[in-house]
Amino acid sequence: MKNKIIFLLLFSAFAANAQKVIPLYQGKAAGSENWNWNEKEMFSETFQTQVVYNVSQPTLTVYAPDKALANGTAVIVCPGGGFHTLSINSEGIEVAKWLNSKGITAFVLKYRLVKSETDDPVKELFPLFNNRKKLDSINAPVVTLAIADGLAAIQYARDHATEYNIEKNKIGIIGFSAGGTVAAGTVYNSKGNNRPDFAAPIYAYTGALKNTVVPADAPPLFIAAASDDQLGLAPNSVKTYSDWLAAGKSAELHIYSKGGHGFGMRKLNLPVESWIERFGDWLKLQDLL
C-alpha cells in the first residue's frame, strides 16, 4: 500500500510537470503527405547539445506561466538547426521557461525538417555549411513547409486564445538561426489571423527566404546577432533592421562583438548573454509584459 501511495504521488508530480503537446495539423500536413519517418532525438557531440531531428508531424509544446504571473502575451518559439535539426534546449525549452518567468505563455514549435539519412544529422549537416548554395538547394522545399508551420502555429494560438488565457493581439514569434528564418518568414508571408503581433529573429538566416518585402502592416521587430557569427549571418540581421526602418516600421537591433553563432541561452560569460534581458526590456516597451 505504501509503495502504491508513493507511486501515485510521483505520478501526480510528473503529470503536473508534463507539457501538453499539440499536433499542428489534423492528419498529414499539406506538402509532406508521403513522409513516413519518425521524429528522433539525440545528444550531438558536435553541437554539445540535445537535438531533435526527422520531424515529419509538426507539433507545439505548451509551456504555461504561473497563473499569478500570466499577462496574456504568447510567443511561438522556433529552435534552429539548419533545417536538419532543432536545438531543442538552449533555443527552445530554456527560452520558453524564461518567457514563463515573465508571465508569457510559450509554444515551442517543432517544424518540419529535412530527412536525415543517418542517426547523426549534425554530422550530415556540418559539411554543408561550407557550401551555402548546396545547403540552400537541399533545404528550399522544407523552408516553405517550415514557414507554413510557423503560420499555422500563430493561427492555432489565436484560435485558442481563450483556452490559454492569452490576448489575440499579443501573440508573437521568436526564432533562432533557421528558426529565425521561420520567424521572419511568418512575417513576410502572413495575412490576417496568422500574422504575428511582434517578432524576434535572432541570428536569423534570411538568404533562404523567397519573399523579403516588408509588409504594409509589418509588426515591430527585435533583432539580435553577434559580429563574430561563424556562419557570417550578422549582415542578415543588419539588412532586416535597415529594411524595417526604410519602410517606416519599428525595429530594435543588438549586435554583440562576441558570441558566435547559436548563442541562444548558452552560458558563455560574455555580454551577449544579456540579449534575453534586452528582449524583456523591449517586450515591456511594447506593453507586452
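In this predicted model, 27 residues line the largest pocket, and those nearest its centre are Phe47, Phe129, Leu231, His261 and Gly262. The space within the largest pocket amounts to about 560 Å³.

**Largest pocket**
- Helix H4, residues 132–159, supplies the largest share of the lining, namely four residues.
- By residue class, the lining comprises 13 polar, 10 nonpolar and four charged residues.

**Annotated span**
- An unreviewed UniProt entry lists residues 145–186 as "domain: BD-FAE-like".

**Asp149**
- Asp149 is situated in helix H4, the helix that provides the largest share of the pocket lining.
- Asp149 counts as buried because its relative accessibility is 0%, and the cut-off for buried is under 20%.
- The side chain of Asp149 forms a polar contact of 2.6 Å with the side chain of Tyr25.
- Apart from neighbours within four places in sequence, the contacts of Asp149 are Leu24, Tyr25, Pro58, Leu109, Tyr111 and Arg112.

**Thr85**
- Thr85 belongs to strand S6, which spans residues 85–87.
- With a relative accessibility of 0%, Thr85 is therefore classed as buried.
- Beyond residues up to four places away in sequence, Thr85 touches Phe47, Val51, Val52, Tyr53, Gly80, Leu113, Pro121 and Val122; of these, Phe47 is also among the residues nearest the centre of the largest pocket.
- Thr85 and Asp149 are 64 residues apart along the chain, and their C-alpha atoms are separated by 15 Å.

**Glu273**
- Glu273 occupies the loop that runs between strand S11 (251–256) and helix H7 (275–285).
- A relative accessibility of 27% is why Glu273 counts as partly exposed, a class that lies between the 20% and 50% cut-offs.
- At 2.4 Å, the side chain of Glu273 reaches the backbone nitrogen of Asn269.
- When residues up to four places away in sequence are not counted, Glu273 touches Arg266, Lys267 and Leu268.
- The C-alpha atoms of Glu273 and Tyr256 are 9.7 Å apart in space, with the two residues 17 apart in sequence.

How values were computed. Residues numbered from 1 in each chain as written. Predicted model: local features only at pLDDT ≥ 70, side-chain atom pairs only at ≥ 80, totals over all residues. Heavy atoms only, no water. 1 Å grid on protein atoms, 1.4 Å probe; cavity = no way out; pocket = protein on both sides within 12 Å on 5 of 7 lines; lining within 4 Å. Points joined across faces, edges and corners; volume = space filled by probe spheres on them. Helix = DSSP H or I, 4+ residues; strand = E, 2+ residues; numbered from the N terminus. Nonpolar A, V, L, I, M, F, W, Y, C, P; charged D, E, K, R; others polar. UniProt positions renumbered as here; feature names shortened; annotations may be inferred. Buried < 20%, exposed > 50% of the residue type's maximum accessible area, 1.4 Å probe, protein only. Polar contact = N/O pair within 3.5 Å; in protein donor to acceptor, adjacent residues only side chain to side chain. Contact = heavy atoms within 4.5 Å.
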